[in-house]
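User: Could you take me through the salt bridges in this one? Please start with what counts as one.
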Amino acid sequence: MITARGLTKRYGDTTAVDTIDFTVAPGTVTGFLGPNGAGKSTTMRMVLGLDRPSAGSVTVNGRSYRDHPAPLREVGALLEAKAIHGGRSAYHHLLWLAKSNGIPRRRVDEVIGLVGLDEVAGQRAGTFSLGMGQRLGIAAALLGDPDVLLFDEPVNGLDPEGIRWIRTLIRNLAADGRTVFVSSHLMSEMALTADHLLVVGRGRILADTSMAGFIAENSTEHVYVRSPHGARLTEELRAAGWRVEATDDGGLAVYGADLEQVGAMAGSHGLHLYELRKIQASLEEAFMRLTAESVEFHAGVPTVPEPAAAEATTHLTPAGV
Ligand SMILES: Nc1ncnc2c1ncn2[C@@H]1O[C@H](COP(=O)(O)OP(=O)(O)OP(=O)(O)O)[C@@H](O)[C@H]1O
Ligand SMILES: [Mg+2]
């Protein structure tokens, strides 16, 4: 369990983390989602005692990191920037970490096997590829068999096989009953791994919700229809019990009905249609809407909204012909 209360970090004039409260519960994967510069890494560094809060507190299993006598046995972490002595072999890097926390040597062999680095354990860590480095970082995180695990952007730069491996590992750690806190700036990644979602922007919590709740709330579907008989069609659709809203471009958004129902309704009244399609808001769009105000760095070119991912377009010839 990780508990933050009024947690704040200022760097000069920048407030990287702004009075946040949250709890990360055991047995679930909690996704920590936010755009670049939102304060995710800073928060994680404070959990790990690598940065001192300007105000407030954060504890792991009821104590601050520094107060745990063998912290690697309580919390394991894979941080964005790896602090590995490049000249040391993977094995000796892990052995040194293990010794510093009273962890037996056999556990080093165990974690090397667990992350699939057996064949390169004797190689200097400085020669490792990004994927191998991530695996070594994860081996270090798992070394003390801790109940609480933090992963800062663990899939960054990995190939598809590595990404799948990390996702499965993260899910299994939570299924074991551990507390798993994973950051990402990609909603799509979170949707695949997290049970719970903590969204941050400019150092503040924007949402603290179950993943299922976020999906239910934000991936609403509706039917878009455009007709020269908009007023009449609106009347008929409303009479059938569906909610209808006019859109900015002169079309109609119909909620609660499916494509076939709207098409049949228009056809049965001889109303021509110019366009009929299903619109599904993607989770990525929902995340972008939520964090739009708090994005620190916007690209210098006008952004064109991407078409919704699951959009079925049906162009009809005039109905009833
Ligand atoms: N050591 C530091 N000194 C000064 N400012 C810092 C420092 N570390 C972070 N910041 C600032 O704090 C804010 C939050 O940064 P942080 O790295 O926590 O964001 P993040 O959510 O991890 O972003 P990213 O997705 O890019 O990793 C940013 O404005 C950043 O510039
Ligand atoms: Mg970061």
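Analyst: A salt bridge here is a side-chain nitrogen of Lys or Arg within 4 Å of a carboxyl oxygen of Asp or Glu. The model is predicted, so local features need pLDDT of at least 70 and side-chain atom pairs count only at pLDDT 80 or more, while totals for chains, interfaces and linings use all residues. Side-chain values use heavy atoms, with hydrogens and water left out, and residues are numbered from 1 along each chain as its sequence is written.

User: How many salt bridges turn up in the whole structure?
Analyst: The search finds 13 salt bridges.

User: What joins Arg226 and Glu275?
Analyst: Their side chains meet in a salt bridge at 3.0 Å, N to O. Because Arg226 lies in strand S10 (residues 221-226) and Glu275 in strand S13 (residues 275-280), the pair ties together parts 49 residues apart in sequence; strands (E, at least two residues) and helices (H or I, at least four) are DSSP runs, numbered from the N terminus.

User: Is Glu275 buried or exposed?
Analyst: Glu275 is buried, with a relative accessible area of 13%, whereas Arg226 is partly exposed at 29%; buried means under 20% relative accessible area, exposed over 50%, and partly exposed in between (1.4 Å probe, protein chains only).

User: Which residues form a network?
Analyst: Asp145, Asp176 and Arg178 are linked in a network of salt bridges.

Conventions. Chains are lettered from A and ligands numbered from 1 in the order in which they are written.
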